[in-house]
Amino acid sequence: MSYRKLFIASNALMLAAFVWAFAKDFAAPWRPYQKKYYEMSADVLEKKAAAEKDAKKAADLRAEAKKMRRSPMEIKQIIAGDLGRFDRCVTCHVGMDEYTNPSLVNDFKENPYKSHPKVDAALVKAHPFTKFGCTSCHSGQGLATTVEGAHGWVKHWEKPMLKGASIQGSCVKCHGNFETLKGAEIAAQGKKVFNKHGCQGCHAINGVGGVISVDLGDIADKPFERIAGYNFKKVRIDGKELPNEHHDSHWNIQNWILAHLVNDPAAVTPNDPFAHYNAEPIPPSGMPDYTKEISRADADAVVAYLSGMTKEEVIPYRYHVPGPAPRQTALSGKDVYAKYGCQGCHGLDAKQGRRRFNAAGEGQKEYDEKMPEAEQFEQMNLGIEPTLPNLVGTYTHEELVKKIANGVPATEAKKWSPKGPMPMVYMPAWKDKISKSELDALATWLKSIAKKDDSGF
Ligand code: HEC
Ligand code: HEC
Ligand code: HEC
Ligand code: HEC
Ligand code: HEC
């Protein structure tokens, strides 16, 4: 091909690219929203003009309406440089754009036209959009200009927009002591539920808490590919399978956490108790079934709280603002039990040990290798962690302190099925976590709730 022909051909290609880009831009999904916003705003101004008695003021309003109607269509972007955010949300949510709508208030009722809630409160006053952008609180994909793309409900976008209560996870990222912060009540409730039900007995958060399972201090950063392999079709949320629209994006970290609380986690992580696919049997999730203990609203609160657990997101030091410190008080033995999460394994107020798969428990049949697998599974599922009031009567105070301080190694567990998996959950050693005076208070309380019959059961 001659250079001349190449030149003509490349020009034609360039023109085609221009036309395509122009057409694509014209069909851009954000345009109809922005156009409608200007038209609705112009209508409001014209209505005001019609009601205005002063001719000069009416003319001004009409001129303003005309200008509004002719506003250029453009992508609007907030650059929140400190937080590394480039948020184009206001391209559609125009009522939240300080340049188009300086008062940030309007009377529209629907998204994306309406103004932001609580404009007069700390929520907006203390976090001006020009400095914080939108995604620092909402998550989502700041640069995207389609509805699904921006809201992050697309495959491979790892930080989907936080829905409903979960938005309060954002407060947790920046505000230490958020428990006392106005507007973070749901996240605060989540933390309370977390500690009340003993999650910290097995999970640490930033190093504080148990070592049975993962540290949840960065759970919000867990990559989707690490959960994609699980069969979420077995998971039910509000009794329903997760919807499969927007690709698989419903299988996101919020629903992953929720699934652990509104399902028996053994349905989420069934593993391989009979070694069908692995060399060694692997027990189902060692996490307790909380479906009867934690309400749906409290589960949502926990999801909100844990949604703020990120290490990936870099937030400058000056953006970390602790709320007022909570008051410290001396703890009773019962409080010590709750503080360290003993209830995660031994049950609320030590009333009932929780499930410990394939441990020797109460009411189990004798192991018989000829039992069908389904029945064996049932028997293994009856394994429990000790119900403490039944046992602590046989200990002296000192023995009890020592037992709690040293724990019981996993290898000492008594299995129900010798061929089944090792029980996953064991009694941790607490000596480096609980002070001597707290241990004493704890042992005194446990002795006080011991069953009076000292036979052991
Ligand atoms: C292309 C236009 C568009 C962009 C860009 C956009 N939104 Fe929206 N947004 C909408 C529309 C339309 C709705 C209402 C329908 C819906 O909820 O899907 C909405 C609804 C919302 C809601 C309410 C959701 C609910 O469940 O009630 C929030 C919050 C929101 N957007 C935040 C954002 C944030 C944050 C961004 C930027 C990361 C953003 N939007 C970018 C169009 C957009
Ligand atoms: C400081 C954190 C924060 C920032 C920054 C922020 N929001 Fe919000 N936003 C919230 C909270 C919290 C709510 C829920 C308030 C309520 O309903 O009480 C909310 C509510 C909303 C809603 C209404 C949702 C509904 O139920 O209809 C939309 C839409 C929205 N925000 C969009 C945005 C956009 C766009 C930006 C950026 C211009 C932004 N937000 C910036 C915290 C924030
Ligand atoms: C990116 C970090 C960041 C996020 C996310 C964030 N805040 Fe803030 N917040 C701040 C900073 C910084 C200030 C201090 C502003 C100032 O003093 O100028 C502040 C101030 C406040 C104040 C006023 C504090 C006071 O003592 O008067 C309240 C209330 C507040 N935030 C609540 C919230 C809530 C509720 C959320 C979640 C919806 C939230 N914040 C999310 C950084 C953040
Ligand atoms: C007896 C120990 C135990 C207790 C108590 C416990 N968990 Fe777990 N948890 C586990 C184990 C083991 C896993 C890993 C297997 C699985 O995913 O189910 C796990 C997994 C998780 C995961 C998924 C972690 C990841 O990286 O994917 C979340 C989220 C979680 N737990 C939250 C909680 C919450 C919230 C509570 C309290 C309401 C709690 N856990 C109480 C043992 C426990
Ligand atoms: C991660 C789960 C877990 C947590 C958290 C936990 N325990 Fe245990 N605990 C166990 C298991 C399992 C056993 C039985 C160990 C064995 O014999 O194999 C046990 C045994 C005990 C025993 C001995 C009972 C007996 O068999 O005579 C005492 C006492 C005890 N735990 C007290 C506590 C106290 C107090 C706490 C809180 C500081 C606590 N445990 C936290 C799992 C746990």
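This is a predicted model: local features need pLDDT of at least 70, side-chain atom pairs count only at pLDDT 80 or more; totals for chains, interfaces and linings use all residues.
Residues are numbered from 1 along each chain as its sequence is written, chains are lettered from A and ligands numbered from 1 in the order in which they are written, and side-chain values use heavy atoms, leaving out hydrogens and water.

Helices here are DSSP runs of H or I with at least four residues, strands are runs of E with at least two, and both are numbered from the N terminus. The table gives polar contacts with the ligand, each being a pair of N or O atoms within 3.5 Å.

| Side chain | Ligand 2 atom | Distance |
|---|---|---|
| K114 | oxygen | 2.6 Å |
| H138 | nitrogen | 2.7 Å |
| K118 | oxygen | 2.9 Å |

**Backbone features**

N111 and P112 are joined by a cis peptide bond with an omega of about 5°. P112 is placed in the loop between β2 and α4 (122–125).

Although N271 is not a glycine, it has a positive phi of about 55°. N271 belongs to the loop between α12 (265–268) and α13 (296–307). D349, also a residue other than glycine, has a positive phi near 50°, and its place is in the loop between α15 (343–346) and α16 (373–381).

N271 counts as partly exposed because its relative accessibility is 38%; buried means under 20% relative accessible area, exposed over 50%, and partly exposed in between (1.4 Å probe, protein chains only). D349, at 35%, is likewise partly exposed.

**Surface and cysteines**

On the surface, I79, F86 and L143 form a nonpolar patch with about 290 Å² of accessible area together. Nonpolar side chains (Val, Leu, Ile, Met, Phe, Trp, Tyr) are joined in a patch within 5 Å, given over 30% relative accessible area and no salt bridge. Accessible areas come from the Shrake-Rupley method with a 1.4 Å probe. F86 lies in strand β2 (residues 85–87) and is partly exposed, at 40% relative accessibility.

C199 is buried, with a relative accessible area of 12%, and C345 is buried at 12%. The count of disulfides (pairs of cysteine sulfur atoms within 2.5 Å) is zero.

Technical notes. Patches are made of residues with over 30% relative accessible area and no salt bridge: like charges are joined within 9 Å, nonpolar side chains (Val, Leu, Ile, Met, Phe, Trp, Tyr) within 5 Å. A salt bridge is a side-chain nitrogen of Lys or Arg within 4 Å of a carboxyl oxygen of Asp or Glu. A polar contact is a pair of N or O atoms within 3.5 Å; within protein, one must be able to donate a hydrogen and the other to accept it, and residues adjacent in sequence count only if both atoms are side-chain atoms.
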